[in-house]
Amino acid sequence: MKRLMGTVAGLATLPWIRSQESVPRAVRWSDKTLGPDGLWNVAEVTLGGQQVTVYPGKMWESFFPSENYCGNTTAAGQPCYAEQAGAIYSKLKGTGRDPRVVLGPPKFYTDDLVSDGTTAQRYVDVFSLGEDTSQWAYGKIDDFAMVLMDDAQIQYPNRRLYPMFAGCLSFGAAPGIVNDSFLVTLETVGVAVNTSLLVGTLFTNHFIESQTFGMHIGSATDKKVAPSLMLGGYDKNRAVDDMLALPIPYPYHEFLDAPLEDISIDVVKGGSPFPWDSKAGLLAAGNSSIRNRLGVAIDPCLPYLNLPKSTCDAIAAEIPVKYDGGLGLYLWDTASPDYSRIIQTPSVLTFHFMDPYNNTRRVNISVPFSHLNLTLDAPLVDRPTPYFPCNAESYGNYALGRAFLQDAFFGANLKTAVYFISQAPGPNFNNENLVTIDGESRNIEPSNNDWKTSWEGYWTPLPGKEAVTPDNSTSTTTSTSTATSTSTTTSTSGEGSGNPAGTIAGATVGGIAGAALLGSFVFFVNRRHQKYGKGVSICGMPIIKARPAASYGANPAGPGGEKPPAEPWPTQPHIQELPPECIVWQLPANITDRAAEMETPYVVYEMPADYPRRNGN
């Protein structure tokens, strides 16, 4: 009877399942955010009745810290961060089993971080996307393929080991693989056990329409962007501008070889906090081994930007950071006046990718510096420390992790072995626009939304170049003074017996005009220096020195990672006397361009040479 009722219930659900095939399915996101190198948004799944937080996503098996993890990695009296995060899967509380396969698993979930660990175990249990644990659970998968880590930790350049905060959820495998099959024992050749992979099994179970996914992990910083992960499709509004489709290379273990052609720093709106508006050539700066491009992996399980040290140093030379050799990372100098001006303005780090199928096409993805102002926390540092997430000690494992994916859409069709990247929106994105991905597709379409608009109200542009002029009243006065002075000079070419009253009036007007002109010029120069660090030279001689170009991370680091500070910017202009031989100089164009002649009520004459004698003096 129970079997009959189960069959009837199952048949009753088939029309509902079929009717929902065209709808992409959402993965839950936790209300927690995890560090110690973020904060990061994190997903939540059900494993053997347990709610487990996990970073998405990799290929093949999913990795989770086991119930032994805290005891193996945590000193007495210290917190177990994975346990606090709800990231532990316990075999004792679950319903799973050991599949007893021959092939041992990797000890850690990514090669893009240096790790150390001794034991890990393959395991299977019931998986579901929802919180329901019944046989009709949302997105249910039996014998879900897992690797349980007992003691894997991350090793930094200082040789210290730090525990992980969460594992990594796999999307599945390509091309079109549903199960991960293993021999049970060496003696029983031909007998295999199947463990189930995520999107392949959900597709086989008719829960999703294709073996695809689309993800934007968003940002948990103060410029928050809500995360999105869809299976069987994607939220089209999470992809803006151009889409880049790339092959998943054999043996299909990772999302490799994104052709990164360059990295630049750009100011997309308003004035620039740098001495320039855009600076390119940072990827290959100081490194002749990088030619026309660098192949990088897209790795959501990695927190950092794994780039050559020469590239990290080239970027760091333009921003106020200090290199920490023990961590291989760059710490923001929060005391620098540039720090807030860079992270609060529309200043971005732009990644330029080349289309491998069209060498004239480029796809650019920009990450605002506000999202690259992340925080290190315990156990990596003693107190919260803002840092720039360029990992200079990646040992050739070049990859773009969660720091990049805050502002990049990432998806894949695992059947056709193609993955996709594009620009993702900022906090002002539109509502969901869910689109299924065809199972045979090798490309998907981005939305027509404007990326800059998605950031309106969340950054503070500096005044543009046109705003570096005095206000309107001062500009009018300056222009009038210039015209009067010129007119007076022209009128003095003739001789005559002058009118003393007219002479005095002309001299008075000229004096006032000259004072106004000088005052306007001083105001303009001082404001230009104070806000933008620009200097002024007359006749080739610097009257007010410009602030030096930023040169932070390029300074040599000491043994502990410390560097001598860059030349400080003066708080007061250093004014020098104009050389006596210099007699010709020009006002800035934005003052003289609006010059207008002032009406003079008197005819101005030159004072006669014998004027004192005529008055009896």
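**Entry 1: ground rules**

I am reading a predicted model, in which local features need pLDDT of at least 70, side-chain atom pairs count only at pLDDT 80 or more, and totals for chains, interfaces and linings use all residues. Residues are numbered from 1 along each chain as its sequence is written, and side-chain values use heavy atoms, with hydrogens and water left out.

**Entry 2: the sheet**

I looked up an open sheet of three strands and found the order S6-S9-S10, with antiparallel pairing. Strands here are DSSP runs of E with at least two residues, helices are runs of H or I with at least four, and both are numbered from the N terminus. Two strands pair if DSSP finds at least two bridges between them.

Which strands stand at the edges? They are S6 (115-116) and S10 (161-163); each has a single partner strand, so one side of each lacks a neighbour in the sheet. I then followed S9 (residues 153-155), which three bridges join to S10 in an antiparallel run. Gln153 has Pro163 of S10 as its bridge partner.

**Entry 3: how many disulfides?**

I found three disulfides in the structure. The cut-off is a pair of cysteine sulfur atoms within 2.5 Å. As a reminder to myself, a disulfide is a covalent bond between the sulfur atoms of two cysteines.

**Entry 4: Cys70 and Cys80**

Cys70 is joined to Cys80, S to S 1.9 Å. I located Cys70 in helix H2 (residues 69-73) and Cys80 in the loop between H2 and helix H3 (81-84), ten residues apart. The torsion about their S-S bond is about -70 degrees, so this disulfide is left-handed. Both Cys70 and Cys80 are buried; that word means under 20% relative accessible area, with exposed over 50% and partly exposed in between (1.4 Å probe, protein chains only).

**Entry 5: Cys168 and Cys301**

Next I checked the disulfide from Cys168 to Cys301, S to S 1.6 Å. Cys168 sits in strand S11 (residues 167-172), while Cys301 lies in the loop between strand S20 (294-298) and strand S21 (305-306), 133 residues apart. With a torsion of about -50 degrees, the bond is left-handed. Are these cysteines buried or exposed? Cys168 is buried at 0% relative accessible area, and Cys301 counts as buried at 1%.

**Entry 6: Cys312 and Cys390**

My last pair is Cys312 and Cys390, with sulfur atoms 2.1 Å apart. Helix H5 (residues 309-316) holds Cys312 and strand S28 (residues 390-391) holds Cys390, 78 residues apart. Their torsion is about -80 degrees, so I noted a left-handed disulfide. Cys312 is buried at 0% relative accessible area, and Cys390 is buried at 0%.
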